[in-house]
Amino acid sequence: MTSSAIKWAGASRSTLPFNDEHDMLRRTARRFFDAECAPQREAWEDVGMAPPGIWRRAGELGLLCMSMPAEYGGGGGDILHSIAVMEEQVRAGVNAPMLSLHNDVVAPYILRYGSQAQRSYALPRMASGEWVGAVAMTEPQSGSDLRGIQTSARRDGDGWVVNGRKTFISHGCTANLIVLAAKTEVEGGKERLSLFLVDTTDLQGLHRGPPLDKLGQGDADTAELAFEGMRLPASSLLGGPGDGFRMLSDRLVEERLMTGVGAVATIEAALEHTLAYVKQRHAFGQPILNFQNTRFALAEAYTEAAVLRTFMERCVRRFLRGELDAVEAAMLKDRATDLQCSIVDQCLQLHGGYGYILDYPIARLWCDSRIAKIYGGANEIMKEIIGRAL
Amino acid sequence: MARDVWRKAGREGFLCAKVSPDYGGSGGDLLHCAIILEEQTRLGFSELTFYLHSDIIAPYIELYGADDQKQRFLPGMCSGEIVAAIAMTEPGAGSDLQAIQTRAVREGDFYRLSGQKTFISNAQNAELIIVAAKTDPTQGARGISLFLVETEGAEGFKLGRNLNKIGCKAQDSSELFFDNVMVPAANLLGGAEGRGFYQLMQRLPEERLIMAMSAIASMEVAVEETIAYVRDRVVFGQRLIEFQNTRFKLAAAKTTAVMGRAFLDRCVDLFIDNDFDAIDGAMVKWWATERSFEVIDECLQLHGGYGYMRDSSIGRLYADMRLGRIAGGANEIMKDIIGRSL
């Protein structure tokens, strides 16, 4: 039999309109992750973060802000550039530097909602890798429910004074620029969420905790932040006062789409590792791929992966046409990350004891995957979004 | 199904949409078949009666039949004058087709056909049954041939009772007995022996794609009907949809249906581009029938006791869809096909 279920994975049957430029970026990304990140993963895990120098290197190679306009130092590309880079990062098995957070989550806030001055100041620094970006929404008592945010920004003369705490903030230890969500008082004395662009250079009143000890993704830093009388200039307000909730909600569609892209790439990487393993591993006198249970388990996983990739690509094509809505993005995020965890777990099982050892990529993928069902809006929130639209 | 419904369907152009107009068909493509199948399913008729006849059996004759065979059978199949069935499965041979025991022995201008078939859909009404038989029992796959057996006046042919199935109640399934039935040699499909297995295999990807179409349409119908039901139904003083469990279960069901539709559409595109093969057919068939059954089961649960009644649409869909995981090659066979390709 010449045909194989493998043909559904990766680029061979892709319906995404990648061109030569995307492919070139993909090759650059592959070399960068394989040669400059993967060998460092363990060292970075030991300290819980990647060094700032890796960001400048990524900037030199054109791997930062690919989809930002060239006038701000970006690559003038589209979401397909981001997808190519994310697929290569997942393939290499590294989480740091978290390029997608920087490129696809933080930078678009500035481009979309920032003033000309904010864009010109922040985006070129992000594109060069001089600055690392973060978004601070979650608080100890407020995760998926953004309305529970307690961090407040009070007007003080020309500027703002911020008090409160954030937690689980990716790049919390290393970020130079933080998109911060805080309550502000708007007309009529009501409190509404606003977003601030926080330049951490010489900033007083910002306290960063040590890297949190996570179940996975230990090479990328995650931290608590505390703000004690932290003074921000008036120019740090992003968009209009009280517009925070709307801005955050608007951005979620693309963020969840990219989470789906990452989940598909993770599943395909897990299957590739597992297929290679079950072909070479012998038990009871034969490769374990010869056992019917192995073949059935992989047949199911490869089929699920094919269905999911097809749906993901459809979502991407709809996004490119400006048609992807919040419900579809929630469907993709929910199902993709759910399948990611279940398939990666099944793949670990097929590795036997080796799957439990962190020297094996499947063990790392297993640890790294679990958060996907929680971040970007817990999957229960996705089901609420879908369920309410029925 | 009543016999005159077939003629009505033929008059309206709902039979054999893909068959060439030269033989009385509509000259359409797979999308015409899909439209008829989806609309039929939407009305709560998920049985395979029509698409078995039109989209699975007619292509055998059109693709592999000699010209006189096409002239003799296809116009009648298009008009509904001839109802067709296909007989592969035997009491001792289902997914394992090479194990069939029915024999066809050449005698002059005839073949002497002996053996037994079971689970044969449409047989009660059938004027024409395509029968798989061994013409050379020393050969495995190469010993199988397909015969166009005309039931009227066929001596030695006995139609068994209409089997009492769990579901698909509006579609008959029967045992067939062949006791030295003399079939004219001119009724050997395509005129050459030993090609039956190859002919069957070649048709499987499209047949499985059509089964997946039916499964996805059934899943969509189930989700839509259940959404309507839970909006209406009041328990503990509130509508069922206001309970979080209901919304979460339906959110998952709807997601599965949307993903299934995306995958099916992609498979149809691949089919139209001639890039759809046996692996793809196996993947879409098992996934669609398995997931459809799961979703319909969840939907039945949300209907409570009403879902357990045979006159409820969801109850019928549930019993009907159970067959999808078995027919057209059991889903275990699909996984074997995919697993071996790795």
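This is a predicted model: local features need pLDDT of at least 70, side-chain atom pairs count only at pLDDT 80 or more; totals for chains, interfaces and linings use all residues.
The interface between the two chains involves 36 residues of chain B in contact with 36 residues of chain A. The size of an interface is often given as the accessible area lost when the parts come together. For chain B and chain A this buried area is about 3400 Å², and carbon and sulfur atoms contribute 69% of it. Charged pairing also occurs across the interface, where eight salt bridges are counted between chain B and chain A. One that was examined individually joins Asp336(B) to Arg295(A), with the closest N and O atoms 3.1 Å apart.

Both of these residues belong to a helix contact between the chains, Arg295(A) lying on helix 8 of chain A and Asp336(B) on helix 9 of chain B. Two packed helices are described by the angle between their axes and the distance between the axes. Helix 8 (residues 292-320) of chain A and helix 9 (residues 331-341) of chain B have axes 8 Å apart and pack at an angle of about 90 degrees, and the two helices are therefore roughly perpendicular to each other. Helix 8 of chain A contributes Gln292(A), Arg295(A), Phe296(A), Ala299(A), Glu300(A) and Thr303(A) to this contact, while helix 9 of chain B contributes Glu332(B), Lys335(B), Asp336(B), Ile338(B), Gly339(B) and Arg340(B). By residue type, the contact of helix 8 of chain A with helix 9 of chain B comprises six charged, three polar and three nonpolar residues.

Within chain A, helix 1 (residues 20-37) and helix 4 (residues 79-92) have axes that come within 9 Å and cross at roughly 30 degrees. Because angles under 35 degrees count as roughly parallel, helix 1 of chain A is described as roughly parallel to helix 4 of chain A. The crossing of these two helices of chain A is right-handed. Among the residues that make the contact are Leu25(A), Ala29(A) and Phe33(A) of helix 1 and Leu80(A), Ala84(A) and Val85(A) of helix 4, together with charged residues including Arg26(A) and Glu88(A).

Over all chains, a search of the whole structure finds 53 salt bridges. One within chain A is formed by the side chains of Asp219(A) and Arg41(A), at an N to O distance of 4.0 Å. This pair links distant parts of the chain, since Asp219(A) lies in the loop between strand 6 (206-208) and strand 7 (222-232) of chain A, whereas Arg41(A) is in helix 2 (residues 41-47) of chain A, 178 residues apart.

Conventions: Residues are numbered from 1 along each chain as its sequence is written. Chains are lettered from A and ligands numbered from 1 in the order in which they are written. Side-chain values use heavy atoms; hydrogens and water are left out. Axes are lines fitted to C-alpha atoms, for helices over the stretch in contact, and angles run from 0 to 180 degrees between N-to-C directions. Helices (H or I, at least four residues) and strands (E, at least two) are DSSP runs, numbered from the N terminus. Angles under 35 degrees count as roughly parallel, over 145 as roughly antiparallel, 65 to 115 as roughly perpendicular and the rest as oblique. A crossing is left-handed if the near helix is turned anticlockwise from the far one by less than a right angle, and right-handed if clockwise. Contact means heavy atoms within 4.5 Å. Buried area is the accessible area (1.4 Å probe) that two parts lose on being put together, summed over both.
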